[in-house]
Amino acid sequence: MKDAVVERGALRLPFDPDQVVDNLRFERYCGSSRTDSFLSGALANKLYYLARPFLGVSVRRHLQKLRLAGWQSIPFPHWPVDRTVEQVHETMLRLCVQAHDGEEVPFIWFWPERFLSCAIVTHDVEAVEGRDFCPALMDIDESFGIKSSFQLIPEQRYALSLSFIESIRSRGFEVNVHDLNHDGRLFASEANFRDRAGRINQYGRAFGAHGFRSGALYRNLAWCGALEFSYDMSVPNAAHLDPQRGGCCTVMPYFIGKILELPVTTTQDYSLFYILNQYSIHLWKSQIAEIMEKHGLASFIVHPDYIVESRTRDTYKSLLAYLAELRSEGKIWIALPREVNEWWRARSQMKLVRQGNNWVIEGPEKDKARIAYAVLDGDRLTYEPSLKYRERPRLREDSDLGYDIKALETHRPRSNPAQMRSAPQMIS
Ligand SMILES: [Zn+2]
């Protein structure tokens with residue numbers, strides 16, 4: 001960033017910040033590190049899943065710990081939450097505010113109404129025991145006034161009836177597809193994936209599902225286009241404790257082609273309980289705090305299978321109580337993943353336009369949207385999410401932001417990255 005040139009009306013950079021962000025979101029920085037040891041390699045994965053039905057729980061946990069050995073020394077992404085993408089965007093915004101003598105920059109606030117952040121609670125149903133616990137889990141979630149999504153495995157793990165699916169949906173919860181049969185082989189080869197994707201899409205239509213999550217958060221984002229879902233939830237923010245390392249380094253949704261990615265931004269219940277041996281919500285609280293600092297999405301995976309026992313169930317209840325408390329303080333919007341998907345898509349269609357002396361928002365669901373301002377506090381960029389009414393737009397008619405604020409919510413390649421210039425009416 002030392003080579004960035006800030007001149008009145010324009011910001012010149014020696015690199016393309018969109019490319020930096022894409023390299024992170026699409027995990028292009030990973031290289032071969034995903035398979036840097038036998039225990040985390042593809043062969044080990046195949047052997048593990050072949051042997052899995054014959055291994056006791058304690059042996060499986062021991063093997064997983066071996067596979068994760070050394071996770072604490074992984075330097076990147078940052079543990080327990082990586083916010084590099086948000087830091088890149090903030091740096092760009094700060095430079096562009098500075099390029100305009102500190103004039104504040106209006107943009108469409110990240111979340112509906114005046115919510116400062118967002119949270120989703122999701123349940124991947126792994127086996128028969130988990131499936132049978134779903135009604136009790138819905139009772140628990142409802143007792144905290146929270147609706148969640150249930151990701152169901154269509155083949156091999158357990159029987160699924162349409163009445164079971166309907167029993168979830170009729171209570172206001174959401175149903176999504178979780179892998180095909182969860183054998184760890186979904187991305188083993190492209191031909192295999194495309195074959196399975198066709199069946200997964202069929203199940204998606206049969207379930208009436210809008211969202212998908214792969215088993216164990218395995219992924220190959222280059223193939224995602226074969227999935228006919230509106231959104232995906234398979235990309236971890238920092239995958240230190242997941243079988244496939246890496247992470248998207250963002251706490252915000254982002255588009256992968258036509259699919260919206262809602263990244264997994266907190267540690268899974270399994271890792272918390274059985275790898276870290278923690279039964280407090282201390283780690284989850286610190287992750288929520290880091291996510292809220294960037295106004296991001298806190299997304300949780302809690303498996304019904306792992307909270308049947310009272311000790312882990314109590315930990316989960318503590319999490320729900322904490323989320324409900326944040327919501328009561330107006331700090332967090334707890335929504336279904338489907339609602340977040342709808343909101344983020346609507347927001348990406350909105351525009352901030354000048355009307356007389358004011359800025360107004362145009363587009364779908366504009367009534368829920370609010371205008372916020374990026375301002376400089378000394379050298380630090382802050383947002384004014386107070387979203388207070390402004391009598392006059394602070395930007396001059398002829399001002400040029402030099403950075404497209406659209407990048408705050410969705411990726412749009414720009415034609416001349418070395419000298420970005422965008423008209424004020426593009427702000428949204
Ligand atoms: Zn799973």
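Which residues do ring pairs link into a cluster?

Author: The model is predicted. The cluster consists of Tyr270, Phe273, Tyr274, Tyr279 and Tyr306, linked by ring pairs. Across the whole structure, a search finds 23 aromatic pairs.

One of these joins phenylalanine 110 and tyrosine 383. Their ring centres are 5.6 Å apart, and their planes meet at 65°. Planes over 60 degrees apart count as edge-to-face, so this pair is edge-to-face. Phenylalanine 110 sits in the loop between strand E3 (105–108) and E4. Tyrosine 383 belongs to strand E16 (residues 380–384). The pair therefore ties together parts that are 273 residues apart in sequence. Phenylalanine 110 and tyrosine 383 are both buried.

Tyrosine 203 and phenylalanine 207 form another aromatic pair. Here the centre-to-centre distance is 6.1 Å, with 55° between the planes. That pair is tilted. Both residues lie in helix H7. They are 4 residues apart, about one turn of the helix. Tyrosine 203 has 25% relative accessibility, so it counts as partly exposed. Phenylalanine 207 has 6%, so it counts as buried. The cut-off for buried is under 20%.

The loop between strand E6 (174–178) and helix H7 (190–207) holds histidine 182. His182 (NE2) is among the protein donors of the zinc ion. The 4 donor atoms subtend angles of 52 to 138° around the zinc ion, so the arrangement is irregular. A tetrahedral site would need all angles between 85 and 135 degrees. In sequence, the donor residues follow the spacing E-x51-H-x3-H. Glutamate 126 is in the loop between strand E4 (117–125) and helix H5 (128–143). Paired with histidine 182, glutamate 126 therefore ties together parts that are 56 residues apart in sequence. Glutamate 126 and histidine 182 are both buried.

Now for the surface. Val59, Leu63 and Leu66 make a nonpolar patch of about 210 Å². Leucine 66 is part of helix H3 (residues 57–67). Its relative accessibility is 39%, so leucine 66 counts as partly exposed.

Key. Residues are numbered from 1 along each chain as its sequence is written. This is a predicted model: local features need pLDDT of at least 70, side-chain atom pairs count only at pLDDT 80 or more; totals for chains, interfaces and linings use all residues. Side-chain values use heavy atoms; hydrogens and water are left out. Donors are N, O and S atoms within 2.8 Å of the metal (3.2 Å for Na, K and Ca); water is not among the atoms, so sites may look incomplete. Four donors count as tetrahedral if all angles lie between 85 and 135 degrees; four count as square planar and six as octahedral if opposite donors are over 155 degrees apart and all others between 65 and 115; anything else is irregular. Helices (H or I, at least four residues) and strands (E, at least two) are DSSP runs, numbered from the N terminus. Buried means under 20% relative accessible area, exposed over 50%, partly exposed in between (1.4 Å probe, protein chains only). Patches are made of residues with over 30% relative accessible area and no salt bridge: like charges are joined within 9 Å, nonpolar side chains (Val, Leu, Ile, Met, Phe, Trp, Tyr) within 5 Å. Accessible areas come from the Shrake-Rupley method with a 1.4 Å probe; for residues, only the protein chains shown count as cover. A salt bridge is a side-chain nitrogen of Lys or Arg within 4 Å of a carboxyl oxygen of Asp or Glu. Rings of Phe, Tyr and Trp (its six-membered ring) pair if their centres lie within 6.5 Å; planes under 30 degrees apart count as stacked, over 60 as edge-to-face and the rest as tilted.
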